[in-house]
Amino acid sequence: KPKRPIDMPTIVELLSLANPVFKAYCGASALLSIKSYVTNFWIASLKVRNNTLSIPEDKALFKDAALPKTGFGCDHPDVKRGYHVLQNDFENFAQFYTLGMLYVITGGSSTVPFYAFVASRYLHSFLMGWGLNPLGFGRGVVFFVSLASSGTMLYYVASKSLP
């Protein structure tokens, strides 16, 4: 049976709230989940405010609301923007959850990638949701902060796990 190095923490130690990196991962994951809930409620409020539906089954509840002409989703530009923000979350959060957990269990030591990712995703969604792009490239800069955060974790995990 191979012995583990003395200085290597056990999986129980790594996945403990006593580990600040795991604690940061849990906090970041909770904040991202809250962001998704808030985004869903925002989309629902946009649909009600603009008297529009995304699927025909909802017509029974909102008789005067407009059905989408293009299939799933909505034809109203504000609601489409809301759905785009949510889709962007789905595209970015999956890799964060995966890379973040791998980063924790391979012994990552910095909490910065977690906080930087969360802050950049909140700011990116705010800018996208309100249709803002400061200086013409501000939203892209914020996106690249989240990409760099994920990339940092990816590099660490790859360097520890690849031969």
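**Starting from serine 120**

At 4% relative accessibility, serine 120 counts as buried, because buried means under 20% relative accessible area, while exposed means over 50% and partly exposed lies in between, with a 1.4 Å probe and protein chains only. Before I go on, please note that this is a predicted model, in which local features need pLDDT of at least 70 and side-chain atom pairs count only at pLDDT 80 or more, whereas totals for chains, interfaces and linings use all residues. Residues are numbered from 1 along each chain as its sequence is written, and side-chain values use heavy atoms, with hydrogens and water left out.

Serine 120 is found in helix H4, and here helices (H or I, at least four residues) and strands (E, at least two) are DSSP runs, numbered from the N terminus. A polar atom of its side chain lies 2.9 Å from the backbone oxygen of phenylalanine 117. If we set aside residues up to four places away in sequence, serine 120 touches Val142, Val145 and Ser146, where contact means heavy atoms within 4.5 Å.

**The helix around it**

H4 has 18 residues and reaches 25 Å from its first C-alpha to its last, close to the 26 Å expected at 1.5 Å a residue; the expected span is 1.5 Å times one less than the number of residues. Buried residues in H4 include Phe114, Phe117, Arg121, His124 and Met128. What covers the buried residues of H4? The cover includes H2, helix H3 (77–105) and helix H5 (138–161). Just after H4, glycine 131 takes a positive phi of about 70°.

**Towards H5**

Proline 134 sits in the loop between H4 and H5, and at 38% relative accessibility it counts as partly exposed. Leaving aside neighbours within four places in sequence, proline 134 is in contact with Leu127 and Arg139. Arginine 139, in turn, lies in helix H5 and is partly exposed, at 26% relative accessibility. With neighbours within four places again left aside, the contacts of arginine 139 include His124, Leu127, Met128 and Pro134.

H2 has 30 residues and spans 43 Å from first C-alpha to last, close to the 44 Å expected at 1.5 Å a residue. Asparagine 19 caps the N-terminal end of H2, with a side-chain oxygen 3.0 Å from the backbone nitrogen of valine 21.

**The whole chain**

To finish, the chain has 5 helices and 0 strands, and 34% of its 163 residues count as buried. Of the contacts with a separation of 6 or more, 66% are between residues 24 or more positions apart.

Technical notes:
A polar contact is a pair of N or O atoms within 3.5 Å; within protein, one must be able to donate a hydrogen and the other to accept it, and residues adjacent in sequence count only if both atoms are side-chain atoms.
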